[in-house]
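Here are a few notes to read with the model open beside you. Take them one at a time, and find each residue on screen as you go.

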Number of protein chains: 2
Amino acid sequence: MPEGPRFRTVTVVGLGAVGGSVAKGVLRRLPGVQVFGVDPDGESSARAARDGVRVVPRLRDCDVDDGVVVFAAPLDATVKLVRETAPVWRGAALATDVASLKAAVLEAATAATASSPFVGAHPMCGSERSGYPAARADLFDGARVWLCPAATGDAASGAEAAARAFWSMLGARPCTIAAERHDRVMALVSHLPQLLSNALAATLEDAGMSTGQLGPGGRDMTRLAGSSPSMWLPLLEAAAGEDAAALLAVERRIVAIRGMLESGDLRGVETLMDRGRRWVSAEG
Amino acid sequence: MPEGPRFRTVTVVGLGAVGGSVAKGVLRRLPGVQVFGVDPDGESSARAARDGVRVVPRLRDCDVDDGVVVFAAPLDATVKLVRETAPVWRGAALATDVASLKAAVLEAATAATASSPFVGAHPMCGSERSGYPAARADLFDGARVWLCPAATGDAASGAEAAARAFWSMLGARPCTIAAERHDRVMALVSHLPQLLSNALAATLEDAGMSTGQLGPGGRDMTRLAGSSPSMWLPLLEAAAGEDAAALLAVERRIVAIRGMLESGDLRGVETLMDRGRRWVSAEG
């Protein structure tokens with residue numbers, strides 16, 4: 001990290017694909033900084049220990065003073081951990097997480113303690129693969145990371161600067177956003193693609209198709225169907241209303257395309273495809 | 001090519017991403033074999049000529065005797081070319097094409113000449129990129145290529161062996177299938193993913209989202225929306241009925257998923273995701 005806050009220790013709670021990548025990224029980019037890891041899974045813990053992580057049984061066994069605590073668990077577990085371990089992480093310079101929805105996590109963090117160094121984070125990376133073996137030190141390179149500051153008490157502004165510095169150090173591109181706005185955007189740009197991939201895979205399986213019959217495009221479109229249900233179910237439950245609204249919007253669009261095909265309105269399809277091409281190629 | 005037929009010349013009609021890749025693949029893998037190219041676009045022709053393709057104005061200017069003729073144009077142009085140039089390609093050892101639907105091409109090929117060396121082909125590769133600059137000598141490496149023999153007259157069996165040898169030489173994995181069956185499968189494994197990607201991109205654009213807000217999954221799911229309309233429109237027109245039926249099937253699936261979210265049936269979503277994960281990871 002060229003400038004900004006220094007962190008004495010980094011503690012990662014949850015050594016899956018994302019948490020493991022945080023640990024590996026810190027080990028590579030901040031040599032000399034002690035990395036603690038907490039995970040109930042013995043296999044992940046053993047692998048992380050071989051990579052240089054100091055694995056301990058519980059968060060309270062870690063030295064978090066002037067350090068960073070990163071919660072890297074599924075959404076429901078993150079909310080529970082953040083609430084229950086506040087007496088520990090409130091002493092850190094920065095507490096952050098990686099859950100893909102932010103309102104529930106932020107609510108837990110602000111309810112738990114008056115002066116909160118908590119800045120929720122959602123790095124937009126990872127893959128359909130899960131677990132420590134899928135962890136990579138360069139997972140965050142160039143990835144957008146949404147930051148949602150808890151913004152309570154004296155620790156708030158220092159914590160936001162620390163969050164920007166920490167995630168930038170890992171290679172990510174921080175962007176601050178309100179938690180509620182973030183969650184509405186995610187229903188569209190993340191949950192909807194996931195559910196469409198699942199709908200496509202189920203449709204193809206019902207029709208007796210196999211993955212060997214897919215070309216590169218079909219493989220792209222079904223890859224997400226291989227995602228971890230245990231990661232997704234808490235997200236889909238928390239955002240069920242927004243996700244249902246997003247599905248309804250795409251249903252209407254699909255019905256319209258089907259109508260064009262049935263009525264021979266190829267000009268309508270062309271307009272749609274031209275629009276899609278412009279949208280995809282525009283700078284985001 | 002270790003065994004099988006030898007080809008004196010290879011003529012590629014249409015020097016876009018796929019045709020250009022055939023030309024580059026032959027130049028790399030069959031040094032000494034003359035490669036002819038025909039394309040109305042001056043820029044593509046000039047680039048191909050620099051790579052060693054002998055560019056001529058018309059198919060009848062090429063020497064196709066005991067050679068291979070490859071039509072690499074959009075579906076509608078391919079059907080027209082195959083019909084109009086039969087007096088030329090019937091003298092080849094093999095005439096083939098790369099269109100993504102096969103019944104219309106095969107019909108044109110069998111109507112045009114009594115003894116036909118025509119074996120329709122559909123290599124399942126390529127990308128949303130188009131034009132000669134997207135051509136790669138290794139485009140076909142490991143790709144499934146569906147072969148649909150015209151099977152008329154004395155030339156038929158020799159032509160099928162030649163087609164297997166030719167496409168294997170380019171790195172593809174040939175698999176023979178009846179044209180009608182092929183086209184039904186494509187509505188599901190190729191057209192449906194394409195149209196879903198377009199539906200998703202349009203939905204996201206309508207909601208004010210930009211590509212910069214997407215993670216890797218969202219990018220996978222919208223990549224096909226950047227595909228070439230001029231390639232797709234003839235395919236969607238030819239398969240409109242089958243494509244509409246495929247869209248209806250996925251609509252029903254999406255409605256079901258939306259119902260699960262609205263009623264809080266997370267168990268139903270879990271079952272669907274578990275199924276998807278198994279299907280995606282199964283050997284195709």
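What distance separates the centres of domain 1 of chain A and domain 2 of chain A, taken over C-alpha atoms?

1. **Two domains.** The answer is 31 Å. Please keep in mind that this is a predicted model. In chain A, domain 1 covers residues 9-177 and domain 2 covers residues 182-281.

2. **Where the domains meet.** In chain A, 14 residues of domain 1 are in contact with 15 residues of domain 2. On the domain 1 side, helix H3 (75-84), helix H5 (103-112) and strand E7 (144-149) of chain A each supply at least two residues. Sorted by class, that side of domain 1 of chain A has eight nonpolar, three polar and three charged residues.

3. **Where the chains meet.** Now look at both chains: 74 residues of chain A are in contact with 74 residues of chain B. Helices H7 (179-206), H8 (216-223), H9 (229-238), H10 (240-263) and H11 (266-281) of chain A are the elements that give two or more residues to the chain A side. The largest share of that side, 18 residues, comes from H7(A). The chain A side divides into 42 nonpolar, 19 polar and 13 charged residues.

4. **A sheet in chain B.** Pro123(B) stands opposite Val145(B) in E7(B).

5. **A nonpolar core.** Which residues touch the most other members of the largest nonpolar core? They are Leu94(A) and Leu94(B), in a core of 200 residues. Beyond its neighbours within four places in sequence, Leu94(A) is in contact with residues including Val68(A), Pro117(A), Val119(A) and Phe166(A).

6. **Val70(A), buried or exposed?** Val70(A) sits in strand E4 (residues 68-71) of chain A. Val70(A) is buried, because 26 other C-beta atoms lie within 10 Å, and the cut-off for buried is 20 or more. Leaving out residues up to four places away in sequence, Val70(A) touches Val12(A), Gly19(A) and Thr96(A), among others.

Technical notes
Residues are numbered from 1 along each chain as its sequence is written. Chains are lettered from A and ligands numbered from 1 in the order in which they are written. This is a predicted model: local features need pLDDT of at least 70, side-chain atom pairs count only at pLDDT 80 or more; totals for chains, interfaces and linings use all residues. Two residues are in contact if their C-beta atoms, placed from the backbone, lie within 7 Å. Helices (H or I, at least four residues) and strands (E, at least two) are DSSP runs, numbered from the N terminus. Ala, Val, Leu, Ile, Met, Phe, Trp, Tyr, Cys and Pro count as nonpolar, Asp, Glu, Lys and Arg as charged, and the others, Gly among them, as polar. Two strands pair if DSSP finds at least two bridges between them. Domain bounds come from an automatic or database domain assignment. A nonpolar core is a set of buried Ala, Val, Leu, Ile, Met, Phe, Trp, Tyr and Cys residues joined through C-beta atoms within 7 Å. A residue is buried if 20 or more other C-beta atoms lie within 10 Å of its own, exposed if 12 or fewer, and partly exposed in between; C-beta atoms are placed from the backbone.
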